[in-house]
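Have a look at the structure first.

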Amino acid sequence: MTQQGAALQTYNNELVKCIEELCSKREDLNRLIQQEEAEKSRLQHDIRVLTEKLSRVNESLARRLAARADFDRTIAETEAAYMKILESSQTLLSVLKKETGNLTKATEPRSSKDH
């Protein structure tokens with residue numbers, strides 16, 4: 001019976017050793033799980049913060065794009081009006097030069113051939 005007792009003691013020691021190893025591995029795994037849960041929590045927080053920032057940037061960008069479109073429209077309208085002013089000024093200058101030429105001819109003294 002001593003042999004059986006010794007064998008039983010050996011099995012018992014190995015069984016206790018296996019259980020302790022399993023418990024140790026479980027503790028290691030539990031630490032990794034806690035680390036990953038903490039990382040997941042940090043990442044979810046970062047995502048919320050970045051999503052809020054993205055939303056604010058998108059809103060600001062939309063306002064700025066609308067303002068730029070207003071600038072573009074105003075510039076285009078102003079340039080078109082300015083071109084009309086330039087065309088009118090050119091036309092006025094041409095008419096004035098023609099009339100000045102006509103007035104100059106009309107006020108010149110007549111030459112002796114004209115008499």
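## Salt bridges

Asp70, Arg73 and Glu77 are joined in a network of salt bridges, a salt bridge being a side-chain nitrogen of Lys or Arg within 4 Å of a carboxyl oxygen of Asp or Glu. Arginine 73 has a relative accessible area of 44%, which makes it partly exposed; here buried means under 20% relative accessible area, exposed over 50%, and partly exposed in between, with a 1.4 Å probe and protein chains only.

The whole structure has 4 salt bridges. Among them is the pair of arginine 31 and aspartate 28, whose closest N and O atoms are 2.2 Å apart. Both residues belong to helix α1 and lie 3 residues apart, about one turn of the helix. Arginine 31 is partly exposed at 43%, and aspartate 28 is partly exposed at 35%. Another pair is arginine 42 with glutamate 39, with 2.6 Å between the closest N and O atoms. These two are also 3 residues apart in helix α1, about one helical turn. Arginine 42 is partly exposed at 46% relative accessibility, and glutamate 39 is partly exposed at 33%.

## About the model

This is a predicted model, in which local features need pLDDT of at least 70 and side-chain atom pairs count only at pLDDT 80 or more, while totals for chains, interfaces and linings use all residues. Residues are numbered from 1 along each chain as its sequence is written, and side-chain values use heavy atoms, with hydrogens and water left out.

## Helix and overall form

How many helices and strands does the protein chain have? There is 1 helix and there are 0 strands; helices (H or I, at least four residues) and strands (E, at least two) are DSSP runs, numbered from the N terminus. Helix α1 covers residues 2-107 and includes threonine 51. Threonine 51 and threonine 91 are 40 residues apart in sequence and 59 Å apart in space, C-alpha to C-alpha.

The C-alpha trace spans about 165 × 25 × 10 Å along its principal axes. The radius of gyration is 49 Å, whereas a compact globule of 115 residues would have a value near 13 Å; the radius is taken over C-alpha atoms, and the globule rule is 2.2 Å times the number of residues to the power 0.38. Of the 115 residues, 1% count as buried.

In an unreviewed entry, UniProt lists residues 19-60 as "coiled-coil region"; such annotations may be inferred rather than shown by experiment. In the model this span is 100% helix and 0% strand, and its end C-alpha atoms lie 61 Å apart.

## Nonpolar patch

Tyr82, Met83, Ile85 and Leu86 make a nonpolar surface patch of about 410 Å². Patches use residues with over 30% relative accessible area and no salt bridge, joining like charges within 9 Å and nonpolar side chains (Val, Leu, Ile, Met, Phe, Trp, Tyr) within 5 Å. Leucine 86 is in helix α1 and is partly exposed at 38% relative accessibility.

## Cysteines

The structure holds 0 disulfides, a disulfide being a pair of cysteine sulfur atoms within 2.5 Å. Cysteine 18 is partly exposed at 43%, and cysteine 23 is partly exposed at 42%.

Key:
Accessible areas come from the Shrake-Rupley method with a 1.4 Å probe; for residues, only the protein chains shown count as cover.
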